[in-house]
Amino acid sequence: AEQIAVEHPDSLLAEKQGVLSLEDILSIRECIKISQRTMDFFKKWKEEFSSLIAEYESFCDLNEIDDLLRKSFNEHNELSEKKYPNLKKIKREIVSTRNEIEKKMNSLLHNNAMDSILQEKVYTTRNEKYVVLVKANQKGKLKGTVHDISSSGATFYVEPESIAPFNNTLLMLDREYRNEINAILRNLSKEIANKSNDIRHNFERLSYIDFIAAAARFSSAIK
(Lines give C-alpha, C1' and ligand atoms only; values in the text may rest on other atoms or scores of the structure.)
Protein backbone atom coordinates (compact mmCIF):
# COMPACT_ATOMS: atom_id res chain seq x y z
CA ALA A 1 0.00 0.00 0.00
CA GLU A 2 1.13 3.56 -0.72
CA GLN A 3 2.33 5.44 2.35
CA ILE A 4 0.11 8.30 3.39
CA ALA A 5 1.96 11.49 4.32
CA VAL A 6 0.11 14.69 5.06
CA GLU A 7 0.84 17.98 6.76
CA HIS A 8 -1.39 19.21 9.55
CA PRO A 9 -4.33 21.18 8.09
CA ASP A 10 -4.21 24.52 9.82
CA SER A 11 -7.99 24.86 9.86
CA LEU A 12 -7.89 26.40 13.33
CA LEU A 13 -6.96 29.73 11.77
CA ALA A 14 -10.05 29.69 9.57
CA GLU A 15 -12.15 28.50 12.50
CA LYS A 16 -11.23 31.69 14.32
CA GLN A 17 -12.39 33.82 11.37
CA GLY A 18 -8.86 34.30 10.03
CA VAL A 19 -8.05 34.37 6.32
CA LEU A 20 -5.90 31.46 5.21
CA SER A 21 -3.09 32.03 2.75
CA LEU A 22 -3.17 30.40 -0.68
CA GLU A 23 -0.46 27.96 0.50
CA ASP A 24 -2.46 27.02 3.61
CA ILE A 25 -5.58 26.35 1.54
CA LEU A 26 -3.63 24.20 -0.92
CA SER A 27 -2.17 22.21 1.99
CA ILE A 28 -5.65 21.65 3.44
CA ARG A 29 -6.94 20.76 -0.01
CA GLU A 30 -4.25 18.06 -0.30
CA CYS A 31 -5.26 16.63 3.07
CA ILE A 32 -8.91 16.56 1.99
CA LYS A 33 -7.99 14.87 -1.32
CA ILE A 34 -6.08 12.13 0.52
CA SER A 35 -8.96 11.76 2.95
CA GLN A 36 -11.44 11.30 0.10
CA ARG A 37 -9.16 8.82 -1.71
CA THR A 38 -8.79 6.83 1.50
CA MET A 39 -12.57 6.76 1.95
CA ASP A 40 -12.97 5.57 -1.65
CA PHE A 41 -10.45 2.79 -0.98
CA PHE A 42 -12.30 1.62 2.15
CA LYS A 43 -15.65 1.84 0.37
CA LYS A 44 -14.36 -0.32 -2.50
CA TRP A 45 -13.00 -3.08 -0.27
CA LYS A 46 -15.20 -2.96 2.83
CA GLU A 47 -17.52 -5.74 1.59
CA GLU A 48 -14.56 -8.07 1.03
CA PHE A 49 -12.74 -7.10 4.23
CA SER A 50 -15.27 -6.48 6.98
CA SER A 51 -12.59 -4.98 9.22
CA LEU A 52 -12.52 -1.97 6.88
CA ILE A 53 -16.17 -1.09 7.53
CA ALA A 54 -15.38 0.56 10.86
CA GLU A 55 -12.49 2.49 9.31
CA TYR A 56 -14.72 3.70 6.46
CA GLU A 57 -17.47 4.78 8.83
CA SER A 58 -14.97 6.61 11.06
CA PHE A 59 -14.26 9.18 8.33
CA CYS A 60 -16.32 12.32 7.76
CA ASP A 61 -17.54 12.91 4.22
CA LEU A 62 -15.77 16.02 2.85
CA ASN A 63 -17.04 15.68 -0.70
CA GLU A 64 -18.71 19.11 -0.76
CA ILE A 65 -15.64 21.09 0.34
CA ASP A 66 -13.42 18.84 -1.81
CA ASP A 67 -15.54 19.69 -4.86
CA LEU A 68 -15.41 23.42 -4.07
CA LEU A 69 -11.63 23.46 -3.69
CA ARG A 70 -11.14 21.32 -6.80
CA LYS A 71 -13.14 23.80 -8.89
CA SER A 72 -11.41 26.79 -7.27
CA PHE A 73 -7.92 25.89 -8.55
CA ASN A 74 -6.48 24.98 -11.93
CA GLU A 75 -3.89 22.31 -12.69
CA HIS A 76 -1.11 24.73 -11.74
CA ASN A 77 -2.56 25.28 -8.25
CA GLU A 78 -3.59 28.81 -9.17
CA LEU A 79 -7.04 30.26 -8.57
CA SER A 80 -9.23 29.17 -11.45
CA GLU A 81 -10.23 31.91 -13.87
CA LYS A 82 -13.07 29.67 -14.98
CA LYS A 83 -14.47 29.59 -11.47
CA TYR A 84 -13.63 33.25 -10.86
CA PRO A 85 -14.05 35.05 -14.24
CA ASN A 86 -13.54 38.49 -12.69
CA LEU A 87 -9.90 37.54 -12.06
CA LYS A 88 -9.47 36.88 -15.75
CA LYS A 89 -11.11 40.20 -16.64
CA ILE A 90 -8.87 42.23 -14.31
CA LYS A 91 -5.74 40.35 -15.41
CA ARG A 92 -6.55 41.08 -19.06
CA GLU A 93 -6.89 44.78 -18.24
CA ILE A 94 -3.57 44.71 -16.36
CA VAL A 95 -1.78 43.13 -19.32
CA SER A 96 -3.36 45.59 -21.75
CA THR A 97 -2.43 48.61 -19.61
CA ARG A 98 1.13 47.38 -19.05
CA ASN A 99 1.58 46.80 -22.79
CA GLU A 100 0.33 50.32 -23.49
CA ILE A 101 2.77 51.80 -20.94
CA GLU A 102 5.71 49.87 -22.36
CA LYS A 103 4.77 50.91 -25.88
CA LYS A 104 4.73 54.58 -24.85
CA MET A 105 7.96 54.23 -22.87
CA ASN A 106 9.78 52.69 -25.83
CA SER A 107 8.50 55.47 -28.07
CA LEU A 108 9.81 58.04 -25.58
CA LEU A 109 13.20 56.35 -25.25
CA HIS A 110 13.73 56.27 -29.00
CA ASN A 111 12.77 59.89 -29.51
CA ASN A 112 15.94 61.68 -30.71
CA ALA A 113 15.01 64.71 -28.63
CA MET A 114 15.54 62.60 -25.49
CA ASP A 115 19.15 61.63 -26.31
CA SER A 116 20.70 64.47 -24.30
CA ILE A 117 18.23 64.10 -21.42
CA LEU A 118 18.38 60.39 -20.65
CA GLN A 119 21.16 58.77 -18.68
CA GLU A 120 20.35 55.46 -20.36
CA LYS A 121 17.79 54.37 -22.92
CA VAL A 122 16.00 52.05 -20.51
CA TYR A 123 12.97 52.24 -18.27
CA THR A 124 12.46 50.69 -14.84
CA THR A 125 10.08 51.04 -11.88
CA ARG A 126 10.16 53.00 -8.65
CA ASN A 127 7.33 53.03 -6.10
CA GLU A 128 5.40 50.74 -8.46
CA LYS A 129 5.58 53.41 -11.20
CA TYR A 130 7.30 53.15 -14.57
CA VAL A 131 10.14 55.70 -14.75
CA VAL A 132 13.01 56.73 -17.01
CA LEU A 133 16.60 57.53 -16.01
CA VAL A 134 17.25 61.25 -16.44
CA LYS A 135 20.56 63.06 -16.08
CA ALA A 136 20.58 65.25 -12.97
CA ASN A 137 21.48 68.39 -14.90
CA GLN A 138 18.65 67.72 -17.38
CA LYS A 139 15.78 66.87 -15.03
CA GLY A 140 13.95 70.11 -15.78
CA LYS A 141 13.77 69.17 -19.45
CA LEU A 142 11.26 66.37 -18.89
CA LYS A 143 7.89 67.09 -17.28
CA GLY A 144 7.12 64.51 -14.65
CA THR A 145 7.49 63.33 -11.05
CA VAL A 146 10.82 62.35 -9.49
CA HIS A 147 10.44 59.07 -7.57
CA ASP A 148 14.07 58.39 -6.69
CA ILE A 149 17.65 59.64 -7.05
CA SER A 150 20.71 57.44 -7.52
CA SER A 151 23.23 57.23 -4.67
CA SER A 152 25.69 59.28 -6.70
CA GLY A 153 23.06 61.93 -7.37
CA ALA A 154 23.79 61.76 -11.08
CA THR A 155 20.52 60.08 -12.09
CA PHE A 156 16.91 61.05 -11.38
CA TYR A 157 14.18 58.41 -11.77
CA VAL A 158 11.36 60.36 -13.37
CA GLU A 159 7.80 59.30 -14.11
CA PRO A 160 6.96 61.14 -17.34
CA GLU A 161 3.81 63.25 -17.12
CA SER A 162 2.39 61.53 -20.20
CA ILE A 163 2.76 58.12 -18.52
CA ALA A 164 1.31 59.06 -15.11
CA PRO A 165 -2.39 58.34 -15.95
CA PHE A 166 -1.48 54.87 -17.21
CA ASN A 167 0.70 54.21 -14.16
CA ASN A 168 -2.21 55.21 -11.92
CA THR A 169 -4.58 52.94 -13.82
CA LEU A 170 -2.14 50.04 -13.49
CA LEU A 171 -1.79 50.63 -9.74
CA MET A 172 -5.57 50.67 -9.36
CA LEU A 173 -5.93 47.44 -11.35
CA ASP A 174 -3.18 45.72 -9.34
CA ARG A 175 -4.95 46.63 -6.11
CA GLU A 176 -8.29 45.54 -7.52
CA TYR A 177 -6.72 42.21 -8.47
CA ARG A 178 -5.25 41.71 -4.98
CA ASN A 179 -8.57 42.67 -3.38
CA GLU A 180 -10.38 40.15 -5.56
CA ILE A 181 -7.94 37.40 -4.54
CA ASN A 182 -8.30 38.33 -0.86
CA ALA A 183 -12.10 38.17 -1.16
CA ILE A 184 -11.86 34.69 -2.70
CA LEU A 185 -9.44 33.49 -0.01
CA ARG A 186 -11.73 34.93 2.67
CA ASN A 187 -14.69 33.02 1.26
CA LEU A 188 -12.73 29.75 0.94
CA SER A 189 -11.43 30.19 4.50
CA LYS A 190 -15.01 30.58 5.72
CA GLU A 191 -16.04 27.37 3.94
CA ILE A 192 -13.05 25.54 5.43
CA ALA A 193 -13.95 26.91 8.89
CA ASN A 194 -17.42 25.40 8.54
CA LYS A 195 -15.80 21.99 8.04
CA SER A 196 -12.79 22.47 10.32
CA ASN A 197 -13.86 19.86 12.88
CA ASP A 198 -14.42 17.24 10.18
CA ILE A 199 -11.14 18.12 8.45
CA ARG A 200 -9.25 17.85 11.74
CA HIS A 201 -10.97 14.55 12.56
CA ASN A 202 -10.06 13.03 9.18
CA PHE A 203 -6.50 14.24 9.53
CA GLU A 204 -6.23 12.43 12.87
CA ARG A 205 -7.63 9.24 11.26
CA LEU A 206 -5.10 9.53 8.41
CA SER A 207 -2.28 10.00 10.93
CA TYR A 208 -3.41 6.89 12.78
CA ILE A 209 -3.55 4.84 9.57
CA ASP A 210 -0.13 6.15 8.60
CA PHE A 211 1.21 5.05 12.00
CA ILE A 212 -0.30 1.57 11.65
CA ALA A 213 1.11 1.22 8.12
CA ALA A 214 4.56 2.31 9.31
CA ALA A 215 4.42 -0.15 12.21
CA ALA A 216 3.46 -2.95 9.83
CA ARG A 217 6.36 -2.12 7.50
CA PHE A 218 8.76 -2.04 10.41
CA SER A 219 7.48 -5.38 11.68
CA SER A 220 7.95 -6.95 8.25
CA ALA A 221 11.46 -5.49 7.93
CA ILE A 222 12.75 -6.96 11.19
CA LYS A 223 11.36 -10.45 10.60
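1. A word on the model first. This is a predicted model in which local features need pLDDT of at least 70 and side-chain atom pairs count only at pLDDT 80 or more, while totals for chains, interfaces and linings use all residues. Residues are numbered from 1 along each chain as its sequence is written, and side-chain values use heavy atoms, with hydrogens and water left out.

2. Four strands form an open sheet in the order S1-S2-S4-S3, with antiparallel pairing (strands are DSSP runs of E, at least two residues, and helices runs of H or I, at least four, numbered from the N terminus; two strands pair if DSSP finds at least two bridges between them). Strand S1 (118-126) and strand S3 (144-149) are the edges, each pairing on one side only. From one strand to the next, the twist averages 35 degrees.

3. At the S3 end, S3 and S4 pair in the antiparallel sense over five bridges. Ile149 stands opposite Phe156 in S4. Two helices pack on the sheet: H5 touches S1, S2 and S4, its direction making about 10 degrees with that of S2, and H6 touches S2 and S4, at about 145 degrees to the direction of S2 (touching, or contact, means heavy atoms within 4.5 Å; axes are lines fitted to C-alpha atoms, for helices over the stretch in contact, and angles run from 0 to 180 degrees between N-to-C directions).

4. Ser35 in helix H2 is worth a look. Ser35 is buried, with a relative accessible area of 0%. Beyond neighbours within four places in sequence, Ser35 contacts Phe59, Leu62, Asn202 and Leu206.

5. Finally, H4 and H6. Their axes come within 11 Å and cross at roughly 160 degrees, so H4 and H6 are roughly antiparallel to each other (angles over 145 degrees count as such). Ile65, Leu68, Leu69 and Ser72 in H4 meet Leu188, Glu191 and Ile192 in H6.

How values were computed: Parallel < 35°, antiparallel > 145°, perpendicular 65-115°, else oblique. Buried < 20%, exposed > 50% of the residue type's maximum accessible area, 1.4 Å probe, protein only.
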